[in-house]
Amino acid sequence: MTENSPDLPRECWEHIFNLLDLDHPSQLSPLSLVSKQFLHITNRLLLSLKLSDPTLLPILPRLLHRFQCLKEINLSGFDGDLNPLLHRIAISGLNLQSLDISSRQTLPVNGLRVFSSKMMNLTSLNCCRVGFLQDTDLTLIAESFPMLQELDISYPEQGSSTGSSYWKPISDSGVLSLAVNLKSLRRINLSGNDFITDMSLLHLAKNCVLLTQVVTYECEFITHNGVAELIRCPWKSSKALCVVDFSDTVVPDELLCLVAEACFPMKKIVLSNCVGYSFAGVSFLVRHYPLLEYLDLERTFFLTDNDIFELSKSLGSITYINLSYCHRLTSVTLDTLVRNCRVLNVIIMVGTNAGAEALETDVVPNLGVKILNLSQNRLMGNGVIANYVSVFPNLEMLNLSDCVNITEDGIVEVLKRCSRIRHLEISRCGLIENLLIDFELPKLEVLCARGLIIDDDGLTLIGKRCPRLQKLDVSACMEVTAKGVKEVVVYCKEIREIKLRSCTKFSYDIIPWMLLSRPSLKTIVLPSSSFLWIFPHEYHSVTRNYYWLLTHRRVPYPTSKASILSKL
């Protein structure tokens, strides 16, 4: 290579940065300091921004000018009037696709009018928990954003009046206005709107031919008949309903059979906490959708190991399955899933009877499973869990919380066999003391170890063996002191969050040192629930300065607030 070889094109660097395994855009900050070229590239890679602090308003135009590729803005936590803020965003020249204005006392009508005149390509709007929403507001939304594909108007805050006019809750007329104007609508959340009826579903079915998802939790006047009519509607699009979620409802077998016979391109079925159906109904449903990818049967108490074996014959494409609290299921079910569902990525079996016996020795390892949640399986011991994880060599996330018969020897054996684990939860495993690890865990990023008998020596060992640790939760570990926490901060150079709630032996005096010595540290949850130190990611990544919030009740400051700020 010659000395005058040209730099890589910007597109190549963007592709390289996009391939980085980053949890949050703020991790691009170090790259932005390398050169002006890298600063320009990382600016382009920031696609979403959350604004919550009104003090940022003076510099908002500069931020929006800097991040010209923004597609999403979240204003749900903004503490102030949204109307002038929306006006500033509207004249920024951005081409936004998503806006979140949820959890507001009222809809910012004037700001939305100005915003809509500039942001013609908005496809997603979140108005969840906006107070006093009514039909006229839905008409405004429908006429202002005709290109909307996703809309959330769930759980409007209840009230009797706004000023001198009485508030009239959302009705079928408002939903009709949406359905007539939003021809591109694909997903809508109507949950918590108490006064809409089956007629709203009919309006949507007849007018929104691209609709793929309708969410109607806690809508008292929507019945099975309405859902049935929605399913029977002659859909004109090949991309019809692909998600069915009946969580927390009474679902008769007849309704499941109707969904099955509709022959939608179904990808996801959720029957969590449902009653009223039998194995015959769910079996009939699953058999009709061999390309199903997501199945949630949490708290389906009648399920047995043999039932899962029968269902698995039709689950060749399943990637996610949740069988939590199906207390009749044992290790036989896990064996069935490993053998028959070869493309599984996620297995959730919380609170079952798995763990009483090991898997068969002839099981072929399943290379696809990356997330395994076996928490609250109280029969599980060291030998069984080691046997289980041996068939998942690519496991990245493991939850064994509340598995009270597992000791530190079992966890160490698990970590030896699964070197790719990035997220480990072992909270409230009462027999676990210090993890005597004599090998490095270069992939581990998240460790939740609440309520264990870990002391400072154990924390020191964790710090030394887990150099890439980013989040550590040792809440209610009563033997943890500032000495052990200091060792974690020293050895874990990427640490971002430490939770110490109820660690009564921890001393606050070390906090300034922690903040100054480890710039990556953004969140510290202190022993008293009255303290919560927050360093919001969006502030840090955008301005490279530390902004913080201290929620304070009764307990005095551990050190001078002014002295900390002066050092920062």
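How do the residues of the lining of the largest pocket divide into nonpolar, polar and charged? In this predicted model, where local features need pLDDT of at least 70, side-chain atom pairs count only at pLDDT 80 or more and totals for chains, interfaces and linings use all residues, the lining divides into 18 nonpolar, seven polar and five charged residues. Residues are numbered from 1 along each chain as its sequence is written, and side-chain values use heavy atoms, with hydrogens and water left out.

Ala, Val, Leu, Ile, Met, Phe, Trp, Tyr, Cys and Pro count here as nonpolar, Asp, Glu, Lys and Arg as charged, and the others, Gly among them, as polar. Of the 30 residues that line the largest pocket, Thr216, Val227, Asp245, Phe246 and Thr249 lie nearest its centre. Helix H10 (224–232) gives the most to this lining, with four residues, while strands S9 (213–215), S10 (243–245) and S11 (268–270) each supply at least two; helices (H or I, at least four residues) and strands (E, at least two) are DSSP runs, numbered from the N terminus.

Elsewhere, Thr330 lies in the loop between strand S13 (320–322) and helix H14 (331–340). Leaving aside neighbours within four places in sequence, Thr330 is in contact (heavy atoms within 4.5 Å) with Asp305, Met349, Asn353, Ala354 and Glu357. For the pocket described above, the search ran on a 1 Å grid over the protein atoms alone, where a pocket is an open set of points at which a 1.4 Å probe fits, with protein on both sides within 12 Å along at least five of seven lines, and lining residues have an atom within 4 Å of a point.
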